[in-house]
Amino acid sequence: MNNWIKIKPKVNLVIDTLMFIILMSVAGLGFLMKVVLLPGYKINEIYGSGTELYFLGLDRHQWGAIHLYLALAMVFLLVLHIIFHWDMIVCIFRKMVPGRTARITIALFTG
């Protein structure tokens, strides 16, 4: 148990760093798909029918799949982040909502 206490901050730092990198990647890919790799109807309006747009050899749908997988990785890391900070979350929640009944009610509606 003592070893976990020593490495927990390092694990949290790695998780937080990965979350930041993935979040920026998901945002960047969303921007790429919105602005550069236009949807089919906009491509047809601007370039004519039968035109395909690629970025680094991948089309909009392939980048969309990468976007999805990164988002799923982000959700997984977010769950880990919440698990590792659960004690702090509970402590802050208890201080913010003093009544036990109110805490249970809020937790049920939130969950």
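## Basis and confidence

Residues are numbered from 1 along each chain as its sequence is written. In this predicted model, local features need pLDDT of at least 70, side-chain atom pairs count only at pLDDT 80 or more, totals for chains, interfaces and linings use all residues, and side-chain values use heavy atoms, with hydrogens and water left out.

The protein chain has a mean pLDDT (the predictor's confidence in each residue, from 0 to 100) of 90, and 99% of its residues reach 70 or more. Helices here are DSSP runs of H or I, at least four residues, numbered from the N terminus.

## The largest pocket

The largest pocket has a volume of about 280 Å³. α4 (86–96) and α5 (100–110) each supply at least two residues of its lining, and α5 gives the most, with 6 residues. Among the lining residues are W86, F93, R100 and T110.

A pocket is an open set of points on a 1 Å grid over the protein atoms alone, where a 1.4 Å probe fits, with protein on both sides within 12 Å along at least five of seven lines; lining residues have an atom within 4 Å of a point. The volume is the space filled by probe spheres set on the points, which are joined across faces, edges and corners.

## The aromatic pair

The whole structure holds 1 aromatic pair (ring centres within 6.5 Å). F55 and W63 form this pair, with 6.0 Å centre to centre and 50 degrees between the planes. The pair is tilted, as planes under 30 degrees apart count as stacked and over 60 as edge-to-face.

F55 is partly exposed at 36% relative accessibility, while W63 is buried at 12%; buried means under 20%, exposed over 50% and partly exposed in between, with a 1.4 Å probe and protein chains only.
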